[in-house]
Amino acid sequence: MTADAAARDATTSAPEGPLRCAVVVNPARVDDLEQRRAAVDSALADAGWPAPEWIETTPDSPGTEQARQAAADGFDVVFACGGDGTVRSCVEGLAGTSTALAILPAGTGNLLATNLGIPQDPAAGVQVVLERGRRKIDVGVAAPTEDTDDGGSPFSTAFAVMAGMGFDAAMLDDADKRLKSALGPVAYVLSALKHLSDRSMRLEVVLDDRPPLRRRARSVVVANVGRLQAGVLLLEQASPDDGQLDVAVLAPRSLLHWLRLAWGVVRRHEHVPHLEVHRASRVVVRADREHPRELDGDVIDPSPVLSITVRQRALELCVPQPERSPDLAEGSERL
């Protein structure tokens, strides 16, 4: 199935009339909470929709349970208002339900908002919901061990954008929080520069039931969509609703290799040096030692294993119109 056909097939219809909304908000990541709340409430009221219920996260409960309870209580839409951790927690809570996820980006990274093209302005996030564009997208699930999940929710450690092991996770983990607040994405660039000369990983990569690939690499990215931090399009062919994940193996061994790789990605060359891309619905990466790992920009415990499966079209997502475009961000320029 082509990306265009998959996108058309994954398009869903939002219910008619005013919808019940909840906002799962991380107060620690939203500096202008009262102004943002007033803007969201006003935009929904102007559309004739009821006032949303605002539900705060805590350090011990970062959003999964709040989103899951909102779905159980019959809310039609849950806005995730916070950084990457808040959004990913809401993905976990809403995957497998009929409640749609919407994004009110805050914080620094906002990988899903980047792939949707949604700016920080809360009115833009509300506009996407009011226009009723919907897509059922795939969800990746990282198992706590190399072969099994934790036996609980089938969407524990779920992600909507990408998982990674190695350089990308180290960069995210080492980015200074104060610099992120002051400089935004530039903080990730500074962190990346510190890790350019880290040791390569010795890897075995298993894709579905194919023979294992043995590589020396700096990073492995398992992606559902193609854009990284700052909107860099790493995987142009990645489709969020085809039941497949794109697996990027980055293997630069010198600064010159990094420059060639970066130039090829930015210029969207068909063949990018020191980058190979595969596709699979189940991916197991085994390394020679523990390495940092991340899910949707949210750093998780280091491990020598990253094991990912895909659950096709498990999450209903509010997207900009036209909702049938293979690129989730198409149409977002007018928000």
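1. His274 sits in the loop between helix H10 (255–266) and strand E12 (275–280). The model is a predicted one. His274 is not a glycine, yet its phi is positive, at about 65°. Most residues other than glycine have a negative phi. Is His274 buried, partly exposed or exposed? His274 is partly exposed, with a relative accessible area of 25%.

2. Asp296 also has a positive phi, near 50°, and is a residue other than glycine. Asp296 lies in the loop between strand E13 (282–295) and E14. Its side of the burial question is clear: Asp296 is buried, with a relative accessible area of 3%. Look at the backbone of both His274 and Asp296 when checking the model.

3. The peptide bond between Gln321 and Pro322 is cis, with omega about 0°. Most peptide bonds are trans. Where does Pro322 fall? Pro322 is in the segment after strand E14 (298–318).

4. Now the helix pairs. Two packed helices are described by the angle between their axes and the distance between the axes. Take helix H3 (residues 64–72) and helix H4 (residues 84–94): they pack at about 40°, and their axes are 7 Å apart. H3 and H4 are therefore oblique to each other, since angles under 35 degrees count as roughly parallel and 65 to 115 as roughly perpendicular. The crossing of H3 past H4 is right-handed. On the H3 side, the contact uses Thr64, Ala67, Arg68 and Ala71. On the H4 side, Ser89, Cys90, Glu92, Gly93 and Leu94 take part. By class, the H3 and H4 contact residues are four nonpolar, three polar and two charged.

5. Is H4 mostly covered or mostly open? H4 is mostly covered, with ten of its eleven residues buried. The buried residues in H4 are Asp84, Thr86, Val87, Arg88, Ser89, Cys90, Val91, Glu92, Gly93 and Leu94. Charged residues are therefore among the buried ones, including Asp84, Arg88 and Glu92. Just after H4, Gly96 has a positive phi of about 85°.

6. Ser89 is a residue of helix H4. Its relative accessible area is 5%, so Ser89 is buried. Which residues does Ser89 touch, leaving aside those up to four places away in sequence? Ser89 touches Pro62, Gly63 and Thr64. Thr64 also belongs to the H3 side of the contact with H4.

7. Helix H2 (residues 33–46) and helix H6 (residues 122–130) form another packed pair, at an angle of about 30° and with axes 9 Å apart. That makes H2 roughly parallel to H6, because the angle is under 35 degrees. H2 passes H6 in a right-handed crossing. H2 contributes Arg36, Ala39, Val40, Ala43 and Leu44, and these meet Pro122, Val126 and Leu130 of H6. The class count for the H2 and H6 contact is seven nonpolar, no polar and one charged. Arg36 is therefore the charged residue here.

8. Helix H7 (residues 167–174) and helix H9 (residues 186–195) cross at roughly 125°, and their axes come within 8 Å. H7 is therefore oblique to H9. H7, too, passes H9 in a right-handed crossing. From H7, the contact residues are Phe167, Ala170, Met171, Leu172 and Asp174. From H9, they are Tyr188, Ser191, Ala192, Lys194 and His195. The contact of H7 with H9 has six nonpolar, two polar and two charged residues. Asp174 and Lys194 are therefore the charged residues of this contact.

9. Last, the cysteines. How many disulfides does the structure hold? The structure holds zero disulfides. Cys21 is in no disulfide, and its nearest cysteine sulfur, that of Cys318, is 8.1 Å away. Cys318 is likewise in no disulfide, with the sulfur of Cys21 as its nearest, 8.1 Å away. Cys21 is buried, with a relative accessible area of 1%. Cys318 is buried too, at 1%.

Conventions: Residues numbered from 1 in each chain as written. Predicted model: local features only at pLDDT ≥ 70, side-chain atom pairs only at ≥ 80, totals over all residues. Heavy atoms only, no water. Axes fitted to C-alpha atoms, helices over the stretch in contact; angles between N-to-C directions. Helix = DSSP H or I, 4+ residues; strand = E, 2+ residues; numbered from the N terminus. Parallel < 35°, antiparallel > 145°, perpendicular 65-115°, else oblique. Left-handed = near helix turned anticlockwise from the far one by under 90°. Contact = heavy atoms within 4.5 Å. Disulfide = S-S within 2.5 Å. Buried < 20%, exposed > 50% of the residue type's maximum accessible area, 1.4 Å probe, protein only.
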